[in-house]
Amino acid sequence: MSEKTIPYKIYLEESEMPKQWYNVRADMKNKPAPLLNPATLQPMTYEELRPVFCDELIKQELDDTTPYIDIPQEIRDFYKMYRPSPLVRAYCLEKKLDTPAKIYYKFEGNNTSGSHKLNSAIAQAYYAKKQGLKGVTTETGAGQWGTALSMACAYLELDCKVYMVKVSYEQKPFRREVMRTYGASVTPSPSETTAVGRKILAAHPGTTGSLGCAISEAVEAATSQEGYRYVLGSVLNQVLLHQTVIGLETKAALDKYDITPDIIIGCAGGGSNLGGLISPFMGEVLRGEKNYRFIAVEPASCPSFTRGKFAYDFCDTGMVCPLAKMYTLGSGFIPSANHAGGLRYHGMSSILSQLYHDGLMEAVAVEQTSVFQAAEQFARVEGILPAPESSHAIKVAIDEALKCKETGEEKTIVFGLTGTGYFDMTAYQKFNDGEMRDSIPTDEDLQAGFDGIPRFQGNEF
Ligand SMILES: *Cc1c(COP(=O)(O)O)cnc(C)c1O
């Protein structure tokens, strides 16, 4: 077989970029469980979701059957400003590891927000604008999602209110300023500006906040103001749908050179980049056409897949959101304060949870010092300073490549490099100073989180 020389970077032409997102739910035999109304425990209807989410996005959220959904021209035009993103052959890393494995990564950090989150931010802002709304509210943890959304809102001239987890607001002032530069208002959460924020502050004075808590505030801010809706940067089906642009581009680039991956790896926070990357490949598996190994990588300090329960749970601390069936640590779970590696959300995408439950995907949990070691090794040979989140995937890609070295197998490994780490230098500083520690929750720690999962008939776990 004649093998074409694989360039360092495989780019697509603009004309080869995806024109439709792929909805993997259409090919799933076991569909992800629907969102439930916490009061009635019945599936949330379109009408019930309307006060919270944009109309078109609700349709996408509830659509389990349409395999391909057109990407509107305006969104495709915006994508062209920073996409297609390169699929990079990690020749230098392969050489350094002395492995027969072939390693590729899809790099999503080439935009100002520094991550893949812009792929969904522009879509969500577009549908809000099209509906004639004034603005959107959201939460942000580390700040990537808030930055991405503020960029998208600036482009479409929408108001953007961001509730930023207080500890990040204080530790990442530059992230905050990027958002403000794009015109967003940024409030540290929990705050006095919402009823749920005041309640959380009264119960836990001095709390540094959590994503679940910021979500509650952002939802309240959206539903209590005329012309606003809430948008979320991960976990939801619609977000995973938008992120399939990553997987579709990856597949098109690999197909150009007749490359078939053996293993596809991604980090998993709420599951959007991983879901987006693997969806087109998972579709082939679900239709019985191909076989791949998929590996979700999560932090050992926030191990939703590997130690969580598969159950209906609240998506937020204030329990104002619908219930989602997912692998969860309980909505009250907050990772240890010395956890610096991102991916802190207590739950996981319902789609990925179902696929994992059905044995179609694997998951591993890794400790943060080993993640930063992998990040350092990668940065030194491949040049890119990776985000701590992305480095979880690097860690496992390296582990798999080293296994190939032992066995002599020439496996092809593809992983998602979701972003850059320029705003994570406090974490890198800790690592460089030798002050980074691993913290793995005990079974008792986890039990406290599980105790907060709602109990009702049909929700045994
Ligand atoms: C938000 C983020 C993640 C995790 O979110 P997912 O929804 O799991 O993809 C991973 N990497 C980076 C750089 C991020 O900003």
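Helix α2 is covered from several sides: β2 (20–22), α1 (46–49), β3 (68–70), α5 and α11 (237–242) are among the elements over its buried residues. Those buried residues are Asp55, Leu57, Ile58, Gln60 and Glu61. Buried means under 20% relative accessible area, exposed over 50%, and partly exposed in between, with a 1.4 Å probe and protein chains only. Helices (H or I, at least four residues) and strands (E, at least two) are DSSP runs, numbered from the N terminus.

This is a predicted model: local features need pLDDT of at least 70, side-chain atom pairs count only at pLDDT 80 or more, and totals for chains, interfaces and linings use all residues. Residues are numbered from 1 along each chain as its sequence is written, and side-chain values use heavy atoms, with hydrogens and water left out.

Look at Gln60 within α2, which spans residues 55–62. Gln60 counts as buried because its relative accessible area is 3%. Contact means heavy atoms within 4.5 Å. Leaving aside neighbours within four places in sequence, Gln60 is in contact with Trp21, Arg25, Ile69, Tyr127, Gln238, Leu241 and His242.

Now move to Tyr22, in strand β2. Its relative accessibility is 2%, so Tyr22 counts as buried. Not counting residues up to four places away in sequence, Tyr22 touches Asp27, Pro67, Tyr68, Leu241, Thr244, Leu248, Ser279, Pro280, Gly283 and Arg287.

Next comes the nonpolar interior. In soluble globular proteins, nonpolar side chains tend to be buried together. A nonpolar core here is a set of buried Ala, Val, Leu, Ile, Met, Phe, Trp, Tyr and Cys residues joined through side-chain atoms within 4.5 Å. The largest such core has 74 residues, and those with the most contacts inside it are Trp21, Ile75, Tyr79, Phe294, Phe305 and Met361. Helix α5 (residues 118–130) gives the most to this core, with 8 residues. Another core lies apart from it, with 27 residues, among them Val88, Ile265, Val366 and Ile384.

Met361 shows the packing in the largest core. Beyond its neighbours within four places in sequence, Met361 is in contact with Leu274, Ile278, Phe294, Ala296, Phe305, Leu352, Leu355 and Tyr356.

Val414 is buried, because its relative accessible area is 1%. C-alpha to C-alpha, Val414 and Ile265 are 6.3 Å apart in space and 149 residues apart in sequence. Leaving aside neighbours within four places in sequence, the contacts of Val414 are Tyr104, Thr250, Leu254, Pro261, Ile263, Ile264 and Ile265.

The backbone has some features to check. Most residues other than glycine have a negative phi, and most peptide bonds are trans. Arg83 and Pro84 are joined by a cis peptide bond, with omega about -5 degrees. Pro84 sits in the loop between α3 (73–82) and β4 (87–89). A cis peptide bond also joins Ser189 and Pro190, with omega about 5 degrees. Pro190 is in the loop between β8 (185–189) and α9 (195–203).

Positive phi values also occur. Asp98, a residue other than glycine, has phi near 55 degrees. Asp98 lies in the loop between α4 (91–97) and β5 (102–107). Asp98 is exposed, because its relative accessible area is 53%. Val235 has a positive phi of about 65 degrees and is not a glycine. The loop that holds Val235 runs between β9 (228–230) and α11. At 12% relative accessibility, Val235 counts as buried.

Finally, step back to the whole chain. The chain has 19 helices and 15 strands. Its C-alpha atoms fill a box of roughly 65 × 50 × 50 Å along the principal axes. Buried residues make up 62% of the 461 residues. Among contacts between residues at least 6 apart in sequence, 76% join residues at least 24 apart.
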